[in-house]
Every structure is written in C-alpha cells, then in structure tokens.
Amino acid sequence: MKNIIEIKVGSRYKKSFRRLSLRIQKEALQKINIFRVNPFDLRLKTHSLSGKSKDCLAFWITYSYRVKFIFLSKREVLFLDVGTHRIYKR
C-alpha cells in the first residue's frame, strides 16, 4: 500500500475533533501520521464497518476513540467523524 497523498476532512470530523480533549487530539495526530504511511498498519486496527456505515472504515486512536473514513481513491481519503463508538450511529 502506498502512502496516502491527501486526507480530506468533513465538517462533522472538524467539529468532533475540536471537542476532543487535548490528550486525545495529540494521540489522534500520532495515529494519523501512521495512517499516512500505511492505512492498514496493525497498530491502527483498521476495520470495515457494517449496517448503515457498511461503505465506511474506521481505525483506532485509543481503545475508546475511532476515526471513521472512506477511500475516495487509492491515495485519497475523507475523514468523516472522530470520537467514541457513538460515531457509528451518526
């Protein structure tokens, strides 16, 4: 898998990210750096979602926090949301 060239962020992601604690924001930025190199790095626990989010994927920031995203192309992604498991229900 080649590096991700571009990460776009949706408005919900931006709003949710600002609401995270500074500690979780910092952890998220570290995981995003790993994601840029390899979106399927085992440290991220990237996984497909099901149900109404079946076209989306998510990766771990911490045990409780995730980033929900979709691939726009092989090297471009859109971050849809970030937060606890509640993001799967939005």
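This is a predicted model: local features need pLDDT of at least 70, side-chain atom pairs count only at pLDDT 80 or more; totals for chains, interfaces and linings use all residues.

**Helix H1 and its surroundings**

I begin with a pair of helices: the axes of H1 and H2 come within 9 Å of each other and cross at roughly 130°. Axes here are lines fitted to C-alpha atoms, for helices over the stretch in contact, with angles running from 0 to 180 degrees between N-to-C directions.

Residues are numbered from 1 along each chain as its sequence is written, and side-chain values use heavy atoms, with hydrogens and water left out.

Helices (H or I, at least four residues) and strands (E, at least two) are DSSP runs, numbered from the N terminus. Which residues form the contact of the two helices? From H1 come Tyr13, Phe17 and Arg18, which meet Gln25, Ala28, Leu29 and Ile32 of H2; contact means heavy atoms within 4.5 Å.

Turning to H1 itself, residues 11-19, its buried residues are Tyr13, Ser16 and Phe17. Buried means under 20% relative accessible area, exposed over 50%, and partly exposed in between (1.4 Å probe, protein chains only). These three cover an arc of only 105° around the axis, which puts them on the same side of H1; the arc is that of the directions from the helix axis to the C-beta atoms. On the face turned away from that buried side sit the exposed residues Ser11, Arg18 and Arg19. The cover over the buried residues of H1 includes strand E1 (6-9), helix H2 (22-37), strand E4 (66-73) and strand E5 (76-83).

Strand E5 also holds Glu76. Is Glu76 buried or exposed? With a relative accessible area of 18%, Glu76 is buried. Its side chain makes a polar contact with the side chain of Lys8, at 3.2 Å. A polar contact is a pair of N or O atoms within 3.5 Å; within protein, one must be able to donate a hydrogen and the other to accept it, and residues adjacent in sequence count only if both atoms are side-chain atoms.

In helix H2, by contrast, Lys26 is exposed, with a relative accessible area of 57%.
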